[in-house]
Structure formats: C-alpha cells, structure tokens
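Please open the structure in your viewer and keep the sequence panel beside it. The stops below each say what to select and what is to be found there.

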Amino acid sequence: MAAALRLPPLLSSRAAPTATTRRSRTASSTLRVAAQLDDTTATTSTPAPPAGFTPPVPKRFEVKPGQSNNIAGAALALPFRLGTGVFVLGYGVSLVDADQIPPDQYALEFQGRKVKETSKVGQCPRPTKPIEIYEFEGCPFCRKVREMVSVLDLDVLYYPCPKGGPTFRPKVKEMGGKQQFPYMVDPNTGVAMYESDAIITYLAKTYGDGSVPIMLKLGLLTTITAGLAMSGRSGKGSSYSPAKLPAQPIEIWAYEGSPFCKIARETLVELELPHLLHSIARGSPKRQDFFKKYGLFQAPYIEDPNTGVKMFESASIVEYLRATYAA
C-alpha cells in the first residue's frame, strides 16, 4: 500500500516551465508548476532516530499521562464542526451479528455484536497521483479543505507552510503569485488554485459525487466554526520551529476529525516536514487494507522512509519528530 505511493526525493532540480505546461484556467486557477525546490533554495539532511529509540507498543483508546489537556483541546473541533471530517462520503452504519463479519475483516465490536460500515467512496474516481496541498494547521480555511480531503478519502501530499517557514511558504508565492493558503496543485489534471471554497468544489466534482457536506457550504458560518474548532489548541501548528528538511516525505495514516491525529500533524507542520497523508476516516476502505497489513487499526500511524521508523501513538510520534528533525 505505502510502497505504491512512495515518492522520489523531494529536492531535485526544478525544470523551467515551458509552453507545453500552460493551460487556460478559471480566475481561481494558476499555472501548474512542479513542487520540487532548487538545491539553492533548501538542503536536505540525513536524519537518524534518537539513540536507543524503540517504537512504542500501540495502546488503543489510551491517553499518555500528561496529554489529557492536549487531546481535550484538539477534541473541541468535534462539536464545533459537528463531526465533519470524521466520516467519509455516504457513510452508513449498522449493527450485525458477530459471525456476519469474518475475524480478518476490520470492524468495531459493540456489546457482542459488530459494527458494519459502508460508504460511497469506492464508487468515486480516484487520483492516480497524490494531490499536493500547501497549507498549515492554524488556518480555518485550510481546515475546511482538510475536512473535504477526509470526506473524499483522498491521499494528499502536504507541504506545510507555517508562519516564518523558509521553504514552502515562499514557494507558493513563486508558483501562484501570492502567499495565500490553502493552495492546491493536482498533478493528475494540471489544475492549480487558491480559495478554499473553490478547492472544495473542485475536489467534490473531480473525486466525489459532486456534493459538499452541509458544514462546508455555510459561508461565513463555516469559516467561523472552523476557527472555533482550533481554539482549544492556542495556535499550535501555525508557526515555524527550525528543523532539518528530510529528503523524502514522511507518510502518515490519519484523518481530520481525530484529535490524536491533529496532535501529530501540528508537529509535522511546525517543523515544516512534507508528509504524504493517507486519509482513513470512518468508512474508508483503507481501514481494511491497514488492518490486513498490520493486524490492528489505530491512527495516527507514521512510516518515515528517511530513518526506517514505523510507529503508532500520537504523543510518541511528536517526541520522535522533534528529537529527529528539530534543529
């Protein structure tokens, strides 16, 4: 699953745009430019995990001591956004007898029965290459797009653009002409655009059934509640912390509605670490793929191709990322 989406080293020489790369777009679209950076713009490092590092044993539904306030603050998003980003498109659920779902198939158990989950995402077009999005955690407009990514069960290559970030924030201005976020580039279609509502509509029409969840089409109210959803984290995931840039994006299995996933992603953004996010909201078919491969399901989970580290547990992931990449 992960190997098929493995990306080449991030920092290779960027080819100059040619006439063949130009297409006419709408006012919200811009020229598609490759995401790679010039070697003169940034350099990569060869990271190593902390001495004696051992990935923790995954513990489902447990909060590491001292992390309760962080998780509670991140969980404020759930009531403010009415769970948007927790479930995929067309999510359905029913309780069935335990023997109706084989033991090698992912399913939650409830009072001796199992929870059968269904969705419509399997009927939707899937991008061949990961969509690229430049954004940061503390931005309500960016959150709206991340919620839609979870709803559509998309894999996205995120280029974090925290305030003060030296690498990808300037790159957005170079590509699109202004530092405005989020900024999306779809290598499958050549489309590139600003404006969160335009991005959401584009994703819905291109990789969904055209519909947009109600909480993402309420105009100003959507933006206000998206901002309130982040109030419990006091700006986490907004500002740059000096860090070493990896040669390859870190892979993370996560979804927007999970407070545990949010804690891990905040750190990825603050350290300006590119990451390939595999969306796995409730109802995602990728949950079964994950369960089959690892024998359990828990999010977030990361695989770092730069060090070979594979691990669960959000608080431990944060500690690992800071110990490995913080400058």
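**The whole chain**

Begin with everything shown as a cartoon, bearing in mind throughout that this is a predicted model. The chain has nine helices and eleven strands, and of its 327 residues 51% count as buried. If you display contacts between residues with a separation of 6 or more, 76% of those in the chain are accounted for by residues 24 or more positions apart.

**Helix 7**

Select residues 259-270, which make up helix 7. This helix has twelve residues and reaches 17 Å from its first C-alpha to its last, close to the 16 Å expected at 1.5 Å a residue. Is helix 7 buried or exposed along its length? Eleven of its twelve residues are buried, so helix 7 is largely enclosed by the rest of the structure. The buried residues include Pro259, Cys261, Ile263, Leu268 and Val269, and among them are also the charged residues Lys262, Arg265, Glu266 and Glu270.

Now look at the two ends of the helix. At its start, a side-chain oxygen of Ser258 comes to within 3.3 Å of the backbone nitrogen of Phe260, while just after the helix Glu272 adopts a positive phi of about 55°.

**Helix 7 against helix 9**

To see the contact itself, show side chains for Phe260, Ile263, Ala264, Thr267, Leu268 and Glu270 on helix 7, and for Ser314, Ile317, Val318, Leu321 and Arg322 on helix 9. Sorted by class, this contact has seven nonpolar, two polar and two charged residues.

**Helix 3 against helix 6**

For another packing arrangement, select residues 140-151 (helix 3) together with residues 220-228 (helix 6). Their axes are 8 Å apart, and the helices pack at an angle of about 95°; helix 3 and helix 6 are therefore roughly perpendicular to each other. Which residues of helix 3 and helix 6 meet? On helix 3 they are Pro140, Phe141, Arg143 and Lys144, and on helix 6 they are Thr222, Thr223, Ala226 and Gly227. By class, three residues of this contact are nonpolar, three are polar and two are charged.

**Ser284**

Next, centre the view on Ser284, whose place is in the loop between strand 9 (275-279) and helix 8 (286-294). With a relative accessibility of 5%, Ser284 counts as buried. Its side chain reaches the backbone nitrogen of Lys286 at 3.1 Å. If you set aside the neighbours of Ser284 within four places in sequence, the residues in contact with Ser284 are Val88, Asp153 and Ser279.

**Gly66**

Move to Gly66, in the segment before helix 1 (68-75). Gly66 counts as exposed, with a relative accessibility of 71%.

**Two cis peptide bonds**

Where are the cis peptide bonds to be inspected here? One joins Phe181 and Pro182, with omega at about 5°, and Pro182 is found in the loop between helix 4 (168-176) and strand 6 (183-186). Another joins Ala299 and Pro300, again with omega at about 5°, and Pro300 is found in the loop between helix 8 and strand 10 (301-303).

Finish with two residues other than glycine that have a positive phi, starting with Leu82, whose phi is near 50°. Leu82 lies in the loop between helix 2 (77-80) and strand 1 (92-97), and at 63% relative accessibility it counts as exposed. Then select Gln111, where phi is also near 50°, in the loop between strand 2 (109-110) and strand 3 (113-118). Gln111 likewise counts as exposed, at 72% relative accessibility.

Notes:
Residues numbered from 1 in each chain as written. Predicted model: local features only at pLDDT ≥ 70, side-chain atom pairs only at ≥ 80, totals over all residues. Heavy atoms only, no water. Axes fitted to C-alpha atoms, helices over the stretch in contact; angles between N-to-C directions. Helix = DSSP H or I, 4+ residues; strand = E, 2+ residues; numbered from the N terminus. Contact = heavy atoms within 4.5 Å. Parallel < 35°, antiparallel > 145°, perpendicular 65-115°, else oblique. Expected span 1.5 Å × (residues − 1). Buried < 20%, exposed > 50% of the residue type's maximum accessible area, 1.4 Å probe, protein only. Polar contact = N/O pair within 3.5 Å; in protein donor to acceptor, adjacent residues only side chain to side chain.
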